[in-house]
Amino acid sequence: MQTNTRPIFIGGLDRCGKTTLRAFLVSHPNISIPAVGSNMWTYFYGQFGDLSNQENFERCLEAMLHYKHVRFLKPDADQIRRAFWQGETTYGRLFGLFLEQFAEREGKPRWGEQTGLIERYADIVFKAYPEGRMIHMIRDPRDRYMASLKMWPNGKGRAGGAAARWLYTTTLAKRNLKKYPDQYKVIR
C-alpha cells in the first residue's frame with residue numbers, strides 16, 4: 001500500500017461540522033475519508049498490550065474486525081495482517097493500514113478520518129504520523145445544543161453536559177494549537 005504519508009484527522013464534538021468538512025475534503029480527487037468515523041483510537045488504542053506480540057496483535061485485529069465502524073471500511077484482514085508485519089508494529093500504523101486500504105479501493109492516494117474527540121489523542125496521533133494534519137471543528141455551543149435538540153427531540157437534552165463537553169474540547173484545541181502550530185488547525 002503506497003499512500004501519501006500526510007493523513008488528515010478531523011475532530012470535534014458531534015453536531016460541529018465534521019461531516020460537512022469531510023464532504024468538502026473528499027470532493028478532492030486525492031483525498032479519501034470514510035463517511036463513518038472509525039473510532040479506532042478511542043476503542044482500541046492500547047487495549048491489547050504490545051502489538052509486536054503476535055497474540056496481542058491477533059486479539060486486537062479480531063476485535064477491530066467485529067466493530068461495525070471498522071467493518072464499514074470493508075477491510076481485507078489478510079492484506080492488513082501481511083502489511084502490518086512489514087513495518088512498525090504500533091497501533092497507529094495498524095489503524096492507518098485500514099484507512100490506507102479504504103483509500104486505495106477508492107483510487108485516492110491520501111487518507112484521513114473523522115472521529116469525534118480525536119483531539120484527545122493529538123500527542124499519540126502526531127507521534128504515529130509526524131506529517132499528519134488535524135482539523136478541529138468547534139461550533140458555537142448554543143447553536144450546537146439547539147441542533148442536537150432538533151436531531152433528538154425526545155432525547156434527554158442536558159445543557160450542562162453539553163457545555164462541559166464544549167469547554168473540554170476548546171481547552172484541547174488551545175493546548176494542541178500551541179503544541180502543534182504547523183499541524184493543527186481550529187475551524188470555528
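**Salt bridges in close-up**

By the rule used here (a side-chain nitrogen of Lys or Arg within 4 Å of a carboxyl oxygen of Asp or Glu), the count comes to 4 salt bridges. The model is predicted, with local features needing pLDDT of at least 70, side-chain atom pairs counted only at pLDDT 80 or more, and totals for chains, interfaces and linings using all residues. Residues are numbered from 1 along each chain as its sequence is written, and side-chain values use heavy atoms, leaving out hydrogens and water.

**View 1. Asp-78 and Arg-81 form a salt bridge (3.0 Å, N to O).** Both residues lie in helix H5 (residues 77–84), 3 residues apart, about one turn of the helix. Helices are DSSP runs of H or I with at least four residues, numbered from the N terminus. Asp-78 has a relative accessible area of 46% and is partly exposed, as is Arg-81 at 24%. Here buried means under 20% relative accessible area, exposed over 50%, and partly exposed in between (1.4 Å probe, protein chains only).

**View 2. Glu-58 belongs to a network of salt bridges with Asp-78 and Arg-81.** Side chains of opposite charge can pair when their charged atoms come close.

**View 3. Arg-175 and Asp-123 meet through their side chains in a salt bridge (2.4 Å, N to O).** Arg-175 is in helix H9 (residues 159–179) and Asp-123 in helix H7 (residues 122–128), so the pair ties together parts 52 residues apart in sequence. Arg-175 is partly exposed at 34% relative accessible area, and Asp-123 is partly exposed at 31%.

**View 4. Lys-179 forms a salt bridge with Asp-123 (3.1 Å, N to O).** Lys-179 lies in helix H9 and Asp-123 in helix H7, so this pair ties together parts 56 residues apart in sequence. Lys-179 is partly exposed, at 47% relative accessibility.

Key
Helix = DSSP H or I, 4+ residues; strand = E, 2+ residues; numbered from the N terminus.
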